Amino acid sequence: MNNADRTTDRFTDRTLSYPEVGATRLGPLPDGYQHLHHTTRIGRGRAVFDAAAAVVTDWRMHRGSGVRLLSTAVRAEPGARVEISLGVGPLRFTARCQVIWATYERDRAGFGYGTVTGHPECGEESFVVDIRDDGSVWFTVMAFSRPARWYTRLAGPLVPVMQKGYAKRLGRTVRRLAAADTEGNGVVQ
């Protein structure tokens, strides 16, 4: 059995665990959840945008931030299943999601994924890169979530703090990887 088959097997009989599917794309974020909105400036110019968009949508953002990621697709596309894990041994935290939407536009690229049954949280998170009229490139994480397991309920107010910290880490990772991808190409950030 190859890696793709093992990854697919991990996701059998999983369904989305929340009803507000797609809210991170269309907004507004639904009531009854913790909301997260974090934006990071990545750089400037079309080459930086293209590099950052690739970093976000081909999973390098997650992997580059130190998490282990398995996916049923090489890049974000609706229906792709993702397993993210962090930690070691018995302290490994694993979360499974499904990509709900993806966009690959001239000035905007990214995706949103939602939690599936068994995920420690319930909700949706999106990761979007956009280039603005002034040429600046920005990365935005937007999410709505609430505890779905006893240990995330027990963690209470620590979960949103950890989510915000992770969003900041992702922003730094996207900036670093996009800069590395454009370095040597004469790109001024």
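Is Arg46 buried, partly exposed or exposed? At 29% relative accessibility, Arg46 counts as partly exposed, a label that covers the range between buried (under 20% relative accessible area) and exposed (over 50%), worked out with a 1.4 Å probe on protein chains only. Before going further, a word on the model: it is a predicted one, where local features need pLDDT of at least 70, side-chain atom pairs count only at pLDDT 80 or more, and totals for chains, interfaces and linings use all residues. Residues are numbered from 1 along each chain as its sequence is written, and side-chain values use heavy atoms, with hydrogens and water left out.

As for the overall layout, the protein has 6 helices and 7 strands. Helices (H or I, at least four residues) and strands (E, at least two) are DSSP runs, numbered from the N terminus. Going along the sequence, the order is α-α-β-α-α-β-β-β-β-β-β-α-α. Of the 189 residues, 47% count as buried.

Back to Arg46, which has a partner. Its side chain meets that of Asp107 in a salt bridge, at 2.8 Å from N to O; the term stands for a side-chain nitrogen of Lys or Arg within 4 Å of a carboxyl oxygen of Asp or Glu. The pair ties together distant parts of the chain, 61 residues apart: Arg46 sits in helix α3, and Asp107 in the loop between β4 (93-104) and β5 (108-115). Asp107 is partly exposed too, at 37% relative accessibility. Side chains of opposite charge can pair when their charged atoms come close.

By the same rule, the count comes to 6 salt bridges. Glu83 takes part in a salt bridge with Arg68, where the closest N and O atoms are 3.7 Å apart. This pair also links distant parts of the chain, with Glu83 in strand β3 (residues 81-86) and Arg68 in strand β2 (residues 68-71), 15 residues apart. Glu83 forms a salt bridge with Arg96 as well, with the closest N and O atoms 2.7 Å apart. Glu83 itself is buried, with a relative accessible area of 2%, while Arg68 is partly exposed at 38%. Elsewhere, Asp58, Arg60 and Asp181 are joined in a network of salt bridges.

Next comes Trp59, in the loop between α3 (46-57) and α4 (60-64). Trp59 is not a glycine, yet it has a positive phi of about 75°. At 1% relative accessibility, Trp59 counts as buried.

Thr115, in strand β5, is buried as well, with a relative accessible area of 5%. The Thr115 side chain makes a polar contact with the side chain of Ser17 at 2.6 Å. Such a contact is a pair of N or O atoms within 3.5 Å; within protein, one must be able to donate a hydrogen and the other to accept it, and residues adjacent in sequence count only if both atoms are side-chain atoms.

Finally, there is the matter of surface charge. Lys168, Arg169, Arg172 and Arg175 form a positive surface patch. Patch members have over 30% relative accessible area and no salt bridge, and like charges are joined within 9 Å. Arg172, one of the four, is found in helix α6 (residues 158-182) and is partly exposed, with a relative accessible area of 49%.

Note on methods. Patches are made of residues with over 30% relative accessible area and no salt bridge: like charges are joined within 9 Å, nonpolar side chains (Val, Leu, Ile, Met, Phe, Trp, Tyr) within 5 Å. Accessible areas come from the Shrake-Rupley method with a 1.4 Å probe; for residues, only the protein chains shown count as cover. Lys and Arg count as positive and Asp and Glu as negative; His and the chain ends are not counted. The place of a charge is taken as NZ of Lys, CZ of Arg, CG of Asp or CD of Glu.
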